[in-house]
Amino acid sequence: MSVHTQYNRNKENIGRLLVKCQDKPGIVAALSTFLYENEANILESSQFSSEEEDGMFYIRFEYYLDDLLMKRQQLENAFSKIAEKFEMEYTFTYAIKKKRSAIFVSKEIHCLQELLWEWQSGDLDTDIAVVVSNHEDGRALVESLGIPFYYIPANKDIREEVEQKQVALMREYEIDVLILARYMQILTPNFVEHFPNKIINIHHSFLPAFIGARPYERAYNRGVKLIGATSHYVTNDLDEGPIIEQDTERVDHRNNVPTLKKIGQQVERRVLARAVKWHLEDRVIVKDNRTIVFH
């Protein structure tokens, strides 16, 4: 369920509150009353109650509060009493504080191009701090926009050394989210553990049907009728992390391998952009290996 309210949106005064806890009576009333008593106006409210045995409850508020940055510590301190009463896991975030992102890419740069376009047009609310690649193909595009580009060759024989450099870069640039925009290298558990639920990947949605190399050629030979893409958080289980977004396009016998690839790239671009946008706007809550996404 979602509720939206029109209000003067001065970004400095917009905050977000995400809550996860056991479902029980009075949660929404307590949260709404808390925001009201602290003179916050609710701009958007979305909630979900799980019907599974665990009976979990999830809610996202976006609110407006004059002088929010001055009041935020007081607000967070006051909220701890409600959180303790309902045994809540919660997160406060603030719209004025953009998440800093790093994009990892290999030879295919279509997803990188889409993200940069969304960022230039103002539809991707992030600071793209750095782009990392094991190929040089994207350098000219990235550096033309004033974004640092790091070429770090990578393969399985030097993976540990490469990841040490990459982790150091992420710390240097104070990165909040890593976007794998067709970065064709397997990340080790050690690397992934540094960034829990902060690495977003994109891949075709043939899985698990066509694992490995040349998936479009094998899909063509099988006569597939749907081309899709999946964006998910990266975990230590390859391509099996919590899914954020998926989409498909219908194809038929008139499509050959090159057109299938082109259609696939188009789907990948928009699916990754949507997933990243929702993460940046704090619309995603992870539950085990699934997500609750408040669109």
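Biologist: What makes the radius of gyration of the chain agree with that of a compact globule?

Modeller: This is a predicted model. A compact globule of 295 residues would have a radius of gyration near 19 Å, and the chain has 21 Å, so the two agree. Along its principal axes, the C-alpha trace spans about 60 × 40 × 35 Å.

Biologist: Why is Cys21 called buried?

Modeller: Buried means under 20% relative accessible area. Cys21 has 1% relative accessibility, so Cys21 counts as buried. Cys111 also has 1%, and therefore counts as buried. Of the 295 residues in the chain, 49% are buried.

Biologist: How many disulfides does the structure hold?

Modeller: The number of disulfides is 0.

Biologist: Where does UniProt place the ACT domain?

Modeller: An unreviewed UniProt entry places the feature "domain: ACT" at residues 16-103. In the model, this span is 34% helix and 41% strand, and its end C-alpha atoms lie 25 Å apart. The chain as a whole has 8 helices and 14 strands.

Biologist: Which share of the contacts in the chain joins residues at least 24 apart in sequence?

Modeller: Among contacts between residues at least 6 apart in sequence, that share is 68%.

How values were computed
Residues are numbered from 1 along each chain as its sequence is written. This is a predicted model: local features need pLDDT of at least 70, side-chain atom pairs count only at pLDDT 80 or more; totals for chains, interfaces and linings use all residues. Side-chain values use heavy atoms; hydrogens and water are left out. A disulfide is a pair of cysteine sulfur atoms within 2.5 Å. Buried means under 20% relative accessible area, exposed over 50%, partly exposed in between (1.4 Å probe, protein chains only). UniProt positions are given in the numbering used here, feature names are shortened, and annotations may be inferred rather than shown by experiment. Helices (H or I, at least four residues) and strands (E, at least two) are DSSP runs, numbered from the N terminus. The radius of gyration is taken over C-alpha atoms; the globule rule is 2.2 Å times the number of residues to the power 0.38. Contact means heavy atoms within 4.5 Å.
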